[in-house]
Protein chains: 2
Amino acid sequence: MQSAIKELENKAKAAKAASRKLAHLPTEVKNKALVTIAESLITREGEILDANRLDCGDAKASSMDDAMLDRLVLDSSRLQSMADDVRTVASLPDPVGEAFDAKVLPNGLRIEKRRVPLGVIGVIFESRPNVTVDISSLCLKSGNAVILRGGKEALRSNSALAMVIKEAAQAGGVPGDAIQFIESPERELVSRMLKMNENIDLIIPRGGEQLVALVTENAAMPVLASGVGICHTYVDRTADLEKAVAIAFNAKVQRPTVCNALDCLLVHSEIAERYLPMIATEWAKARVEMHCDERALKILSNFKAFPATDSDWGKEFLALIAAVKVVDSVDEAMEHIARYNSGHSEAIITENYSTAHRFLEEVDAACVYVNASTRFTDGGQFGLGAEVGISTQKFHARGPMGLKELTTYKWVIMGNGQVRP
Amino acid sequence: MQSAIKELENKAKAAKAASRKLAHLPTEVKNKALVTIAESLITREGEILDANRLDCGDAKASSMDDAMLDRLVLDSSRLQSMADDVRTVASLPDPVGEAFDAKVLPNGLRIEKRRVPLGVIGVIFESRPNVTVDISSLCLKSGNAVILRGGKEALRSNSALAMVIKEAAQAGGVPGDAIQFIESPERELVSRMLKMNENIDLIIPRGGEQLVALVTENAAMPVLASGVGICHTYVDRTADLEKAVAIAFNAKVQRPTVCNALDCLLVHSEIAERYLPMIATEWAKARVEMHCDERALKILSNFKAFPATDSDWGKEFLALIAAVKVVDSVDEAMEHIARYNSGHSEAIITENYSTAHRFLEEVDAACVYVNASTRFTDGGQFGLGAEVGISTQKFHARGPMGLKELTTYKWVIMGNGQVRP
């Protein structure tokens, strides 16, 4: 154990030293390294899949459930898709070096902010081995060194991927120490890693709520965490009901297991009798289970619908289930949202200009929508290219986080002898 | 004690509720409230100075030292200066509502980021009562509610100021609950406040290192802290020596007790024999004490200079003392800076274009300078108007923090029925 801690400390120090070089690498060198990584994922398929087979064998022996096993297993087509993602990152604009907020002071001092990498990013993640590739390429492109700590179940797969990435990056001109992988399975290492704020500038937890909570509560450095998404869609009195059906259907059904899917449908009482049967008809075809308040339940007496319990409000279902509630005004809808939302994505369906405007202004969430599906909350959809996650915190970054959110800035001041009077 | 905690909880809840209204107040209402506050500080001078006299009386009785007492005492001219500062904040542009990063996606969705307040800001500060006024006006202007917790020594002064501010803000159209003041002197309240992340979105500690460390280590919400400034100025081989004397003199002498003052002078060996006596002559006039490495000491044998000890490197002197070291290259200077700097302000004096460029690129600090005094690191000097502090962290904000740094953003998405394919 002592030697594993010592090794981790050494890796963190090496990453810090490498980060200083990485911060000033030209974009073309970083892109060449990324392309070399993409190529190596294909040419070194054999050793990656061999390692993965060992992990999968152990997983089956320990009777891992099918969903988890599916996330663990790699094959040629998954490697190809990882390689494609790395090429996409190579094609994105480099955020490092961008100058902004430039000005010239009356005394002639030229001041600007320049975008720079954060330094060393620690990533603690659970079983999916593609995270090793995703995060390494995002960190490399944004000029950050990375320390990867994956789950025990995928140790050999992650280790093989990390080795391929490290060697390819090095061949492409990036310092090999910029990519560090923690092999030891000791749990204690995570607690130690969370206290290494001297050499790790940011921690990203990628995994379930428990992991995120552990990291958020114990990290000595800043944390960039994706949060829970409890998403509401409010169908206003003046909504175009056809649009409202299409949007609520898409938001609930298109991919129900993700954070930006609809959890709660709020419907204005004046249109509830017309609208609720329309959406219920569509949802029934997709086997969406409705948990309704008293008024909605009454309107939907001809449909299969369940009475909502208190725990249905403010719940992230991650399944084909929706809470449904009738409200008497946009104010009541916004009060409900203020009470139960998790700061992720909230939508209104309305044709009224002032109501739309109020909703956008007053609802406090990372993403607020008029007349569109909350399913769009996604780095790729928003045009950020790759995505680190979706922040529900307000500090540093909010909503989808891309390459820019892995950077900070420095103030650059150019003078010709100015002193302060 | 229980009742004080209950009261604090209620105040935090009330502040949160008020923050929802404050977030959408028009700029003109906020400005009117600020002007009313400025006026009230003058018209209600009597009650403020009465309260301050009681604090000062107790402070003298408990033999508070003169420097602290000077920070505590208020008079007409100090109130006038506070009122002027509030008017300055009123005159600054309102950061709230600014739209940026706007784009239209191929599917017609219009996306933009909109700047919004953080919500409720908790401020824990030590004896200077002007912080009550400064921070309240910055929070109000940036649309944030504020909970103020001042030091025991200034309890009556702060309480009187907070009352004046609250009533004036209310008269100007701002919800009174947007400004909360904690009266109870119980220390335990601070620990409780640091855990109220449900209702407090950000904590700002204003005070000494101990207070900042206590808050940083224990707060459950994000912290916006000003850090220590260990500032280096490096005089390069190609420096204009006249400029280098003027700048190093200004950086050390103009106000030695603040974080952006020079702590360590690094001088290239090729010009050290000419330059060191020049700056030593000027510094001697201002009684600057020099702590020199061996080579500098030898060159300055005709001056009063002391040998540096290990603890002189990486030390924030906050006094008329400077560490002095001779180096053989810009690389050695940058290595020294990388090892000892606190991420605040670093300067190079050089006429060489490439050396200047490298220094700006490679030195990792909030502010990097060419040919100017580090004393410019300041919100007012940088044109931000008022200043919350100077961040040496990399997350959220770096360097001088103004109104914008008290905000976050939300993504606003305007559609006409878009669903995700």
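Chain B can be laid on chain A with an RMSD of 0.0 Å, by a turn of 180° and a shift of 0.0 Å along the axis. The two copies are thus related as by a two-fold rotation axis. The model is a predicted one. Among the residues of chain B, His396(B) comes closest to the rotation axis, with its C-alpha at 1.9 Å.

**Contact between the chains**

The contact takes 47 residues from chain B and 47 residues from chain A. On the side of chain B that touches chain A, helix H10 (241–253), helix H14 (353–362), strand S13 (367–372) and strand S16 (407–418) each supply at least two residues. S16(B) gives the largest share of this side, eleven residues. By class, the side of chain B that touches chain A comprises 24 nonpolar, 13 polar and ten charged residues. Because 100% of the interface residues of chain B are also interface residues in chain A, the copies meet through the same surface.

Strand pairing also crosses from one chain to the other: strand S16 (residues 407–418) of chain A and S13(B) run parallel and are joined by five bridges. In this pairing, Val412(A) stands opposite Val368(B) of S13(B).

**Packing of H10(B) and H11(B)**

The axes of H10(B) and helix H11 (residues 269–285) of chain B come within 10 Å and cross at roughly 40°. H10(B) and H11(B) are therefore oblique to each other, and their crossing is right-handed. Residues of H10(B) in this contact include Leu241(B), Val245(B) and Phe249(B), while those of H11(B) include Ile271(B), Met278(B) and Trp283(B). The residues of the contact of H10(B) with H11(B) divide into ten nonpolar, no polar and three charged.

**A four-stranded sheet in chain B**

An open sheet of four strands in chain B has the order S5-S4-S3-S6, with parallel pairing. Strand S5 (179–181) and strand S6 (202–206) of chain B stand at the edges, each with a single partner strand, so one side of each is left without a neighbour in the sheet. On average, neighbouring strands of this sheet are turned by 20° against each other, direction ignored. Strand S3 (residues 120–125) of chain B runs parallel to S6(B), and five bridges join the two. Gly122(B) has Ile203(B) as its bridge partner in S6(B).

| Helix | Strands crossed | Angle |

Note on methods: Residues are numbered from 1 along each chain as its sequence is written. Chains are lettered from A and ligands numbered from 1 in the order in which they are written. This is a predicted model: local features need pLDDT of at least 70, side-chain atom pairs count only at pLDDT 80 or more; totals for chains, interfaces and linings use all residues. Copies are superposed by least squares on the C-alpha atoms of residues with pLDDT of at least 70 in both. Two residues are in contact if their C-beta atoms, placed from the backbone, lie within 7 Å. Ala, Val, Leu, Ile, Met, Phe, Trp, Tyr, Cys and Pro count as nonpolar, Asp, Glu, Lys and Arg as charged, and the others, Gly among them, as polar. Two strands pair if DSSP finds at least two bridges between them. Axes are lines fitted to C-alpha atoms, for helices over the stretch in contact, and angles run from 0 to 180 degrees between N-to-C directions. Angles under 35 degrees count as roughly parallel, over 145 as roughly antiparallel, 65 to 115 as roughly perpendicular and the rest as oblique. A crossing is left-handed if the near helix is turned anticlockwise from the far one by less than a right angle, and right-handed if clockwise.
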